[in-house]
Amino acid sequence: MPEHLSHVGAAGTVCYEGYFAGAIARLHAEQRYRVFADLERIAGRFPYAVLHAHEGPKEVIIWCSNDYLAMGQNPKVIDAMVATAKRLGTGAGGTRNISGTNHPLIELETELADLHGKEAALVFTSGYISNQTGISTLARLIPDCLILSDARNHNSMIEGIRQSGTEKVIFRHNDLVHLEELLRIAGRARPKLIVFESLYSMDGDIAPIHRICDLADAYGAMTYLDEVHAVGLYGPRGGGIAERDGAMHRIDVIEGTLAKAFGCLGGYIAGGAMLVDAVRSYAPGFIFTTALPPPICAAATVAIRHLKASQSERQRHQACVRRVKTELISARLPVMASDSHIVPVRVGDPAKCKAASDMLLAEYGIYIQPINYPTVAKGTERLRITPSPCHDDIMISQLVTALADVWDRLGLPYDKAARAAE
């Protein structure tokens, strides 16, 4: 029987609720139904939070936040948000074209352009939207554009490419030989846009930016770089991996977020003045949505300015990352290779991945969200740990002890190479 007929009731009417129930049942059957933790972060005590659960509230330690440097808890950032809300109110009041272009937003865009050494920047309501609408708009504005996309690009980039309606080809992850082969087939004369990330958030690996730019120069392609998981964290002023590697000037469009290392909300692109103006003038996801509120813009600007000048947060962050990796590896836990601050611990089974997360939260007060398909490929399910400057040695020791206990009780495999070295 066709599926739509199975939801027709006795009276001949459609039971729409049955479609939704069936969809949810499929997620449960595939072990990828997601449960949200009801958390109340404690200002000034990051990474502590209060978990609101059925059995009542309890204090937990967050080990998977993307507020990588705890800037969402920074007193200067909080003060800027509160002061601006009192001075200008809470909302933007409209789209950018209809009264929503507030002065703190203009200051923020100026600050972002300076951060990346570009002529201009444009702020969106989220990093997802900046990719989705930025990529699709750019590609539509370039006749016969071919998009070359890394196989592990984020869903927001994939959606932007899809919505562009232009031709795309996928190159194997960080595979320069494959990328050059596709560029050669396309030919120098055809307009091309290479779309990739500087730091891939699930595995923590880093793109060879200079070598991709070399290929772009050789074959006449534009470059679009997602720095979402790197801005604030890398480079002398927090400009990201491209700044760290001295490659910002070689990238045509740099995209980033205000919601991770900067501790606020929103996304942006930075590039040449004409390119940014074209996106501003043509992007539906920018034109037809309400602007970011002044308090958020002011807070983000303070966070960016602070991280341009301060090295201490980045230094303490990297020291914590090194300590966590060292301790986990010493405990023979299966830490996946990572060149960055992302610390993935392989589980390889969706049910056990969720069970491990549940046990850590219920018994140890440690919150690490399970990462299952479709975020990662089936068979590579993991716990994704993101240390911060605020996780101390005691917390790290507690984390390692808890993980080892959970690994034993669930019968999860330890690192074979580490065992062999004993």
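**Entry 1. Second largest cavity**

I began with the second largest cavity and found that about 30 Å³ of space lies in it. The model is a predicted one, in which local features need pLDDT of at least 70, side-chain atom pairs count only at pLDDT 80 or more, and totals for chains, interfaces and linings use all residues. Residues are numbered from 1 along each chain as its sequence is written, and side-chain values use heavy atoms, with hydrogens and water left out.

I worked on a 1 Å grid over the protein atoms alone, where a cavity is a set of points at which a 1.4 Å probe fits but cannot get out, and lining residues have an atom within 4 Å of a point. A volume is the space filled by probe spheres set on the points, which are joined across faces, edges and corners.

I listed the lining of this cavity as F46, I62, W63, C64, S65, D67, Y68, T386, S388 and H391. By class, I recorded five nonpolar, four polar and one charged; Ala, Val, Leu, Ile, Met, Phe, Trp, Tyr, Cys and Pro count as nonpolar, Asp, Glu, Lys and Arg as charged, and the others, Gly among them, as polar.

**Entry 2. Largest cavity**

I noted that the structure holds two cavities of 30 Å³ or more. The largest has a volume of about 70 Å³. Its lining consists of R96, L105, V123, F124, T125, G285, F286, T289, T290, A291 and L292. The lining divides into six nonpolar, four polar and one charged.

**Entry 3. Second largest pocket**

I then turned to the second largest pocket, which holds about 220 Å³ of space; a pocket is an open set with protein on both sides within 12 Å along at least five of seven lines. Among its 14 lining residues, R96, T101, L122, R280 and F286 are the closest to its centre. I found the largest share of the lining, four residues, in helix 10. The classes are eight nonpolar, two polar and four charged.

**Entry 4. E197**

I located E197 in strand 7 (residues 192-197). E197 is buried and has no salt bridge, the nearest side chain of opposite charge being R384, 9.3 Å away. Buried means under 20% relative accessible area with a 1.4 Å probe, protein chains only; a salt bridge is a side-chain nitrogen of Lys or Arg within 4 Å of a carboxyl oxygen of Asp or Glu. I also noted that a polar atom of the E197 side chain lies 2.7 Å from the backbone nitrogen of H154.

Terms used: Helices (H or I, at least four residues) and strands (E, at least two) are DSSP runs, numbered from the N terminus. Buried means under 20% relative accessible area, exposed over 50%, partly exposed in between (1.4 Å probe, protein chains only). Lys and Arg count as positive and Asp and Glu as negative; His and the chain ends are not counted. A polar contact is a pair of N or O atoms within 3.5 Å; within protein, one must be able to donate a hydrogen and the other to accept it, and residues adjacent in sequence count only if both atoms are side-chain atoms.
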